[in-house]
Amino acid sequence: MKKNVITYRALTRFWPLLATLALILLGAAGYTYWKNVYSTPDAVFRRMLSSSLQTIGFTRIATQSGDGQSLDVTSLQTTAPYHQVRAENILKQGEQTTITTESITTTNKNFVRYNDIQTDQTKTDGSKFDFNQILGQWGDVAATENDNSITTIYTGNVIVPFANLSAQDKETLLNQIITDGVYELDYDAIKTEIVDGRKTYIYDVTVNPVPYIKMLKTLSGMLGQDQLADLNPDEYANVDALKFSMYVDVLSSQLTRVVYSDQSQTTEYYRGYGIRDVAPLPSDTIPLSELQTRLQQIQ
């Protein structure tokens, strides 16, 4: 009996040490898992794609420049309760002209209005242009009349699709993306940088057009849309692959930046994941073609 008391007292004395050792072992195991499994470039890239297919909203900031022009686009993109992209677009032409427009894009319709036009250009008689009659007037056009709106609404104007799918649909589409090789990663070129104090992987990515279009068709079907039903992916077999660099935050596995490799000098930044901002659709509208005609008549 005395021996058992001594043994119990010994264990009690060394229990804090044993607990500490156990925590150290658990920590070491967790670190090993983090380093060798969870935070590998492959795992982070896959989680980034997975999270993009189950997000309710985010903010995209895109800048593009070239040939004396620049375009800055800030868009609030929502996937629930339905897809919507609301954007402010600022186009600058040299030092003389700045055009600010606002747009709302849904799977069925596009809405556009001019909010401000500033220019030093004048009419042939030397008088200034008066744009007041078109400023603030919404123009609309059906999505089927504007092919760009279809891919814009599904991809958010970027080659990575954003949606709020069910868990089953997400896994189905994610497996298709991986199996079909929509994205090719140059593993020899993957870089690791600290961006805004956070570890970030930078991937050089190539997007293959045919499997990408197949992915869009599958996604549109999951969303109950039929705009892409007649689209034949094989028609894009001769289209050049798109190349860009993709920045992904390792801890959150969220896309933070895309830099395109072509001559467009385009960079896109991604912020505000999980923020939903659905704008009411305009009711006082005219056909977009009429709005454009009014603008031409002013000039």
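**Overall picture**

Reply: Buried residues make up 38% of the 299 residues in the protein. Please keep in mind throughout that this is a predicted model.

Me: How many helices and strands does the protein have?

Reply: The secondary structure contains both kinds of element, and among them are helix α4, covering residues 167-180, and helix α5, covering residues 209-222. In total, the protein has six helices and 13 strands.

Me: Of the contacts in the protein with a separation of 6 or more, what percentage comes from residues 24 or more positions apart?

Reply: One example of a pair lying apart in sequence is F58 and Y270, which form an aromatic pair although they are 212 residues apart in sequence. Counted over the contacts in the protein with a separation of 6 or more, the share of residues 24 or more positions apart is 60%.

Me: How is α4 oriented relative to α5, roughly parallel or roughly antiparallel?

Reply: The axes of these two helices come within 10 Å and cross at roughly 170°. Angles over 145 degrees count as roughly antiparallel, and therefore the orientation of α4 relative to α5 is roughly antiparallel.

Me: Which residues of α5 make the contact with α4, and what is the make-up of that contact by class?

Reply: On the α4 side, the contact is made by D169, T172, L173, Q176, I177 and D180, while α5 contributes P211, K214, M215, T218, L219 and M222. Sorted by class, the residues of this contact are six nonpolar, three polar and three charged.

Me: Where is K214 found, and which residues does K214 touch, not counting residues up to four places away in sequence?

Reply: K214 is found in helix α5, and with a relative accessibility of 37% it counts as partly exposed. K214 and D180 are 34 residues apart in sequence, and their C-alpha atoms are 9.0 Å apart in space. Leaving out residues up to four places away in sequence, K214 touches Q176 and P233.

**Aromatic rings**

Me: What kind of aromatic pair do F58 and Y270 form?

Reply: The structure holds ten aromatic pairs, and F58 and Y270 form one of them, with 6.0 Å centre to centre and 40° between the planes. F58 lies in strand β1 and Y270 in strand β12, so the pair ties together parts that are 212 residues apart in sequence. F58 counts as buried at 2% relative accessibility, and Y270 also counts as buried, at 2%. As for its geometry, this pair is tilted.

Me: What kind of aromatic pair do F58 and Y273 form?

Reply: The ring of F58 also pairs with that of Y273, at 6.0 Å centre to centre and with 25° between the planes. Because F58 lies in strand β1 and Y273 in the loop between β12 and β13, this pair ties together parts that are 215 residues apart in sequence. Y273 is partly exposed, with a relative accessible area of 22%. Planes under 30 degrees apart count as stacked, and the pair of F58 and Y273 is accordingly stacked.

Me: Over which ring does the charged end of R257 sit?

Reply: The charged end of R257 lies 4.4 Å from the centre of the ring in question. That ring belongs to Y247.

**Backbone in the loops**

Me: D196 has a positive phi although it is not a glycine; is D196 buried or exposed?

Reply: D196 has a phi of about 55° and is found in the loop between β8 and β9. Residues over 50% relative accessible area count as exposed, so at 70% D196 is exposed.

Me: S253 also has a positive phi; is S253 buried or exposed?

Reply: S253 has a phi of about 55° although it is not a glycine, and it is found in the loop between β10 and β11. L251 lies in that loop as well, and at 56% relative accessibility L251 counts as exposed. S253, with 3% relative accessibility, is buried.

Terms used: Residues are numbered from 1 along each chain as its sequence is written. This is a predicted model: local features need pLDDT of at least 70, side-chain atom pairs count only at pLDDT 80 or more; totals for chains, interfaces and linings use all residues. Side-chain values use heavy atoms; hydrogens and water are left out. Buried means under 20% relative accessible area, exposed over 50%, partly exposed in between (1.4 Å probe, protein chains only). Rings of Phe, Tyr and Trp (its six-membered ring) pair if their centres lie within 6.5 Å; planes under 30 degrees apart count as stacked, over 60 as edge-to-face and the rest as tilted. A charge sits over a ring if NZ of Lys or CZ of Arg is within 6 Å of the ring centre and within 35 degrees of the ring normal. Axes are lines fitted to C-alpha atoms, for helices over the stretch in contact, and angles run from 0 to 180 degrees between N-to-C directions. Angles under 35 degrees count as roughly parallel, over 145 as roughly antiparallel, 65 to 115 as roughly perpendicular and the rest as oblique. Contact means heavy atoms within 4.5 Å. Ala, Val, Leu, Ile, Met, Phe, Trp, Tyr, Cys and Pro count as nonpolar, Asp, Glu, Lys and Arg as charged, and the others, Gly among them, as polar.
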